[in-house]
Amino acid sequence: MRALVLVDLQNDFMPFGSLPVAEGDLTVGVANRLMGSFELVVATQDWHPRDHGSFASNHPGSKAGEITMLGGVEQVLWPDHCVQNTPGASFHSALDVAAIDHVVHKGTNREIDSYSTFFDNAHGAHTGLDAFLKERGVDEVVLSGLATDYCVLYSVLDAAELGYRVTVVRDGCRAVELKTGDGDRAFASMADAGASIIESSQLLR
Ligand code: VGL
Ligand code: ZN
């Protein structure tokens with residue numbers, strides 16, 4: 001049994017959002033087309049409290065892009081984004097939300113970030129997604145969404161480590177690229193971890 005996992009297709013990661021991902025909006029149509037090919041569709045939402053420790057605004061004197069420590073691990077400081085129950089945290093208005101079976105929230109603990117949709121960045125707490133998928137007999141996950149070099153990357157690495165067969169839809173993803181090439185390096189790391197990197201056309205055939 002396989003499941004589609006749509007990662008963080010939220011307004012704040014779109015080109016008009018507070019943590020903009022170039023061409024992020026182009027992934028929404030890919031997601032809508034993919035959903036029809038899956039029996040089980042999970043969507044994730046980055047879902048931060050306003051006082052979240054990944055926000056530069058909560059570290060007086062610091063700026064977005066700087067690195068600090070949070071929850072015992074290195075943390076990039078970001079602009080405020082995906083604050084719970086704000087428009088920025090909502091799914092892009094063009095996303096076919098009626099086709100989503102289950103939503104996973106992550107990044108809810110102010111003391112630690114959670115790029116992965118399975119565990120927080122210190123691998124301390126589960127989000128519950130692994131149990132949800134295993135209860136439904138899922139052994140293969142297909143991931144698509146934002147951002148290639150953060151939440152998609154870490155979700156894929158954890159999925160592989162948890163024993164899932166993992167496929168990533170390249171044209172359904174876009175990268176933040178704090179450093180040029182981060183997106184390509186992320187795809188290389190995912191492939192090294194055993195993930196198959198494909199184009200959506202290969203699934204939709
Ligand atoms: C993400 C940075 C901060 C992501 C989330 O969804 O890739 N990136 N929070
Ligand atoms: Zn975040």
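The model is predicted: local features need pLDDT of at least 70, side-chain atom pairs count only at pLDDT 80 or more, and totals for chains, interfaces and linings use all residues. Residues are numbered from 1 along each chain as its sequence is written, chains are lettered from A and ligands numbered from 1 in the order in which they are written, and side-chain values use heavy atoms, with hydrogens and water left out.

A polar side-chain atom of Asp-46 lies 3.0 Å from a nitrogen atom of ligand 1. For Asp-8, an N or O atom of the side chain is 2.6 Å from a ligand oxygen. On its own, ligand 1 has 260 Å² of accessible area, and the protein covers 100% of this area (Shrake-Rupley method, 1.4 Å probe).

The shell around ligand 1 takes in residues with a heavy atom within 4 Å of the ligand. Besides Asp-8, Asp-46 and His-81, the shell includes Phe-13, Leu-19, Trp-78, Tyr-115, Leu-146, Ala-147, Tyr-150 and Cys-151. By class, eight are nonpolar, one is polar and two are charged. Ala, Val, Leu, Ile, Met, Phe, Trp, Tyr, Cys and Pro count as nonpolar, Asp, Glu, Lys and Arg as charged, and the others, Gly among them, as polar.

Two shell residues have backbone features of note. Asp-8 has a phi near 50°, a positive value in a residue other than glycine. Asp-8 is in the loop between strand 1 (2–7) and helix 1 (26–35). The peptide bond from Leu-146 to Ala-147 is cis, with omega near -10°. Ala-147 belongs to the loop between strand 6 (140–146) and helix 3. Helices (H or I, at least four residues) and strands (E, at least two) are DSSP runs, numbered from the N terminus.

In a cavity, a 1.4 Å probe fits but cannot get out; a pocket is an open set with protein on both sides within 12 Å along at least five of seven lines. Lining residues have an atom within 4 Å of a point. The search finds one cavity of 30 Å³ or more. The largest cavity has a volume of about 130 Å³, and is the space taken by ligand 1 (more than half of the ligand atoms within 2 Å of its grid points). Its lining numbers 16 residues, with Phe-13, Asp-46, Tyr-115, Tyr-150 and Cys-151 nearest the centre.

The largest pocket holds about 440 Å³ of space. Of its 22 lining residues, Val-76, Tyr-115, Asp-149, Tyr-150 and Tyr-154 lie nearest the centre. Helix 3 gives the largest share of this lining, five residues.

Methods. Grid points are joined across faces, edges and corners, and a volume is the space filled by probe spheres set on the points. A polar contact is a pair of N or O atoms within 3.5 Å; within protein, one must be able to donate a hydrogen and the other to accept it, and residues adjacent in sequence count only if both atoms are side-chain atoms.
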